[in-house]
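Please read it beside the sequence and the model.

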Amino acid sequence: MKQIITMHSRVKDVWNTIIGHDILAKLLLQTGLSEKALLNSLVGNFSLWMIRKMTEKILDAPFWPAFLHLVNSELDDEAPLDGKVERTWWKEAVFYQIYPRTFCDSNGDGIGDIQGIIQKLDYLKELGVDALWLSPIYDSPMADNGYDIRDYEKINSDFGTMEDFEQLLKEVHAKGMKLIMDLVVNHTSDEHRWFQQAIQDPKSPYRDYYFIRPYTKEELNNWTSFFSGSAWSHYGKEKDWALHLFAEKQVDLNWDNPKVREEIADMVNRWLDKGVDGFRMDVINYISKDKGLPAGNESVGTLMGYRGIEHYYYGPHLHTYLHELHQNTFAKHHAFSIGETPGLGRKMCRRVTGAEREELDMVFSFDHLETPGHVRWDAYQYDLNYYRNYLLDWQKNYGNNCWMSLFYNNHDNPRMVSKIDLAGIYRKEIEILLAVLQFTMKGTPFIYQGDEMGLVNYLFRSIDDIQDIESKNYYEKLILEGEKEIDAWKTILAGTRDHARRMLPWNNQEIPELKQEIDTSIQSIYKQLIHLRKEHSCLIYGELNVIDCHFDRFVYERKDAKESFRIDCNLGNQNRKAYKMPHEYALLGESSSCSKELRPYEVRIWYYKKERTAKKN
Ligand code: TEU
Ligand code: CA
């Protein structure tokens, strides 16, 4: 048990706590300051009182009690880092995320569907994919493309029927693959029958399934929605207010109500009984909200861009609810869970994924998607040195009781390659480099649909081309705040989620001037790398040693008792001296393996088998 943090504690004491560490790390990330600036012997010894004085302009007085409350809510000791790594199928698998709406359209109505997925199963199998994650396909009014569920037990008719789904599941399993679904249970659609009954009948037991308040607007809290504006809207004849952290049509469920938790567990069990192999759990760290929904701190709101988050991103009963759900559903079915956990830093992720805790198997953490001082809406050049440091931090400190996910893209982000290479000169080199890192680092790779085709951001021309509710609301907000249209559009173009939500170009039948084609050479490299990972468990469970991590360089080794790989990466756009490899085979980059220089973003993989040398000597 760690010591309670007070205003007399020092910065370095805070850094030693779980939540304190992650909040400080997040602040550094947000402000673009380095860890050294905070932890040098001078600042590290400052008391929080002193820090409070120094930061008076950015952090208001109420920030501090809120901060202390959070930091002190998780003071138990951390599990040791060096236990034994348990071998499981999901550590060895290569996952592939399907965004059903734009994956493959089987009947020509312009919307991807389940039969389209079935048509592409051979393709996915051949690529080397072991498990699929489907973004939501449930019945939904599609205010947020299916992340607003009206009926958890029905399939949306755009995508097909329950029979189609059962056929898909059967064929996936017949190919020896697994399938996980998306579990969206922080909120439901406002069209869900629970909410409809709640809003129509003031005496309904369903009222307590949500956060419904018959107040006047002034009595509500000041939380903001991730999709712009207040987190409260009113509904129904009585115009009652309800909380929605996302779109107006995505109303938050009240997990403190045991009935809600029971209904969710039953629903999860029905899908697991059907045979699905697990779930990706949408914003699952938001499910427990501070009692009474207290006002959000203004400083946190300004710093992070959203007000109220300190009251739910790591809420008071998060562990209890996750563990309970795990025991009642996943554990019974030996099913797999991966939580989407925006805002959680490395240490908090450790807390929810430690094998001994039985909460979640893995999480998606997001701190690698933007470099320090940037948000998704900025047009800036992403520096891969940051990504390398992030990876090394996790590889070293995430611990053997936890296992990280490796991904660059998903349906919520512009394509990573376009962020690294604004001019589009080194697209291919970077795609190969990212793929090599993804398949040779320690962790489970999640390919996002189209990564393997070499897809990049799309040149949308105006806000009229944009479908996504988040972008549309944000654009409107910027205009209301007085931004010029051209500037608002630049922001949207940089950050819109629609970049990743374009129909996959299976037939290359795109608008000619905006054409995106499948790059088959990238595809073949994906195949080779996935194959390599499958053939050599060293790339999964082997140890990882860093050989060189100077500026723009990343040379590392994966090694077990039998063999080793050395991977030589140039992270920048200048030629760099190649690492002199004492190894026998070049597996990737053969053609240039003799040259002493790595070209911009070039990567080489070298292989070394131990018995050989042993015999020779
Ligand atoms: O995303 C949650 C999330 O926090 C963000 O990535 C979010 O989309 C937003 O951009 C914050 O700035 C999940 C889903 O992946 C996303 O598609 C949904 O829109 C969202 O939850 C609500 O269900
Ligand atoms: Ca269709």
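Helices (H or I, at least four residues) and strands (E, at least two) are DSSP runs, numbered from the N terminus. This is a predicted model, in which local features need pLDDT of at least 70, side-chain atom pairs count only at pLDDT 80 or more, and totals for chains, interfaces and linings use all residues. Residues are numbered from 1 along each chain as its sequence is written, chains are lettered from A and ligands numbered from 1 in the order in which they are written, and side-chain values use heavy atoms, with hydrogens and water left out.

1. Cavities. A cavity is a set of points, on a 1 Å grid over the protein atoms alone, where a 1.4 Å probe fits but cannot get out; lining residues have an atom within 4 Å of a point. Grid points are joined across faces, edges and corners, and a volume is the space filled by probe spheres set on the points. The whole structure holds four cavities of 30 Å³ or more. The largest has a volume of about 100 Å³, and helix H18 (residues 427–440) contributes the most to its lining, with three residues. Its lining includes Tyr408, Arg415, Glu431 and Leu455.

2. Ligand 1. Which residues come nearest to ligand 1? Of the 18 residues around it (a heavy atom within 4 Å), these are Asp144, Arg376, Asp412, Glu470 and Arg497. Polar contacts are pairs of N or O atoms within 3.5 Å. A polar side-chain atom of aspartate 412 is 2.5 Å from an oxygen atom of ligand 1, and for glutamate 340 the corresponding distance is 3.0 Å. Taken alone, ligand 1 exposes 490 Å², of which the protein buries 92% (Shrake-Rupley method, 1.4 Å probe).

3. Salt bridges. A salt bridge is a side-chain nitrogen of Lys or Arg within 4 Å of a carboxyl oxygen of Asp or Glu. The whole structure contains 44 salt bridges. In one of them, arginine 150 pairs with glutamate 191, with the closest N and O atoms 2.7 Å apart. Arginine 150 lies in the loop between strands E3 (138–139) and E4 (151–155), and glutamate 191 in the loop between strand E6 (187–189) and helix H11 (193–200), so the pair ties together parts 41 residues apart in sequence.

Note on methods. A polar contact is a pair of N or O atoms within 3.5 Å; within protein, one must be able to donate a hydrogen and the other to accept it, and residues adjacent in sequence count only if both atoms are side-chain atoms. On a 1 Å grid over the protein atoms alone, a cavity is a set of points where a 1.4 Å probe fits but cannot get out, and a pocket is an open set with protein on both sides within 12 Å along at least five of seven lines; lining residues have an atom within 4 Å of a point.
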